Amino acid sequence: MPNALLFIGPEGVGKRSTAFAFAMAANCTNPEKEERKNLPEFRDMNFGQEAFATEACGNCKSCRKFNSGSHPDLIHLKPQNQITKIAQIRELRQVLAMKPFEARLRVVIIGEAHTLNPEASNALLKVLEEPPPGTIFILATAHAYDLLPTILSRCQLIRFSPIPAKLLVEALIRDHEMVQKEAEVLAAMSGGSFSKVLTLKNGDWLLFRNWIVEEIKTLNADSASVVLALAENLTKSKGKDLVENVLEMIKTWFRDLVMVKYSTEKIINKDLAENIAILSEGYPIKLLMKQIAAVENAQKQINANANLRLLLENFFLTLAENRPKQLQVL
Ligand SMILES: [Zn+2]
């Protein structure tokens, strides 16, 4: 086992969960796993038998401490105001100068490794170069290119992929009582991120989507006040992150209106398949491509930190202008 691992992959695919599961399994005093009831939720996801061949029991004294977050030899460094600072690394070094309290393997998790500033990185590097015995470091990040090359070279890299949509759908149906078609929509919207799928679900994303879709269907360049009100509403009620999600949602909506002309199988908003098919008939593909281009343009501007309200106003006005005049509204 190397003394430093770096988990690289998108947000919400299980990097930190894996780090915790690893820490727990490495210290379980009864790895026979008859009882699995007390395991944290992520472990119930069916990733196949092999992935957890050496899993923790979830019941022994050590496992219970890990589960409750009270194990003294599990150290989890979190950024403070988006930065992991040198003071935190100094404090860590003091702790690491002592022997582990009780663990076979003390585990230091730095869950947002890209937030280490240069001073903190250099201080951490010294520890990684002379690792304290019985200790493993697990760094995780979605932005590996923000780490110092010297840190990267000290770690064994492990890549995490997006979670296949099929597994997300299974989890949503089994653990969150969703119906198949709705689960498929959220999984498709999530980009393979489990945390994002839960955010969408808990935010009643489908209801919100239905509302947005209705607004877009009826957008009319002749009633600018309605268009501007929609932009204002979204700017006030949703922050930049959510507006990014809204734009992505609108893009999948128009994409579906294009796709349905070729294959109903390939649309993302499967629960609205019938509406999409009818609406698409009155929507020439040329206009749909214009709408998609408008979304992509708005996405670029949002990345460039444009004024959110102005951006949305222009965006919705463009959508209204490109809308077919004789569109049948359901
Ligand atoms: Zn155990």
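User: At roughly what angle do the axes of helix α9 and helix α11 cross?

Analyst: This is a predicted model, in which local features need pLDDT of at least 70 and side-chain atom pairs count only at pLDDT 80 or more, while totals for chains, interfaces and linings use all residues. Residues are numbered from 1 along each chain as its sequence is written, and side-chain values use heavy atoms, with hydrogens and water left out. Helices (H or I, at least four residues) and strands (E, at least two) are DSSP runs, numbered from the N terminus; axes are lines fitted to C-alpha atoms, for helices over the stretch in contact, with angles from 0 to 180 degrees between N-to-C directions. The axes of α9 (residues 205-218) and α11 (residues 240-259) come within 11 Å, and their crossing angle is roughly 65°.

User: Which residues of α9 meet α11?

Analyst: Contact means heavy atoms within 4.5 Å. On the α11 side, the residues met are Leu242, Asn245, Val246, Met249, Ile250, Trp253 and Phe254. Their partners in α9 are Trp205, Phe208, Arg209, Ile212, Val213 and Ile216.

User: What is the geometry of the site of the zinc ion?

Analyst: Donors are N, O and S atoms within 2.8 Å of the metal (3.2 Å for Na, K and Ca). Here the protein donors are the SG atoms of Cys28, Cys57, Cys60 and Cys63, at 2.2 to 2.4 Å from the zinc ion. Four donors count as tetrahedral if all angles lie between 85 and 135 degrees. The angles among the four donor atoms are 103 to 119°, so the site is tetrahedral.

User: Is Cys28 buried or exposed?

Analyst: Buried means under 20% relative accessible area, exposed over 50%, and partly exposed in between (1.4 Å probe, protein chains only). Cys28 has a relative accessible area of 1%, and therefore it is classed as buried.

User: What is the phi of Asn81, and where is Asn81 found?

Analyst: Most residues other than glycine have a negative phi. Asn81 is not a glycine, yet its phi is positive, at about 50°. Asn81 lies in the loop between β2 (74-77) and α3 (86-96).

User: What is the relative accessible area of Asp204?

Analyst: Asp204 is found in the loop between α8 (194-202) and α9. Asp204 also has a positive phi of about 50° although it is not a glycine. Asp204 is partly exposed, and its relative accessible area is 48%.

How values were computed:
Four donors count as tetrahedral if all angles lie between 85 and 135 degrees; four count as square planar and six as octahedral if opposite donors are over 155 degrees apart and all others between 65 and 115; anything else is irregular.
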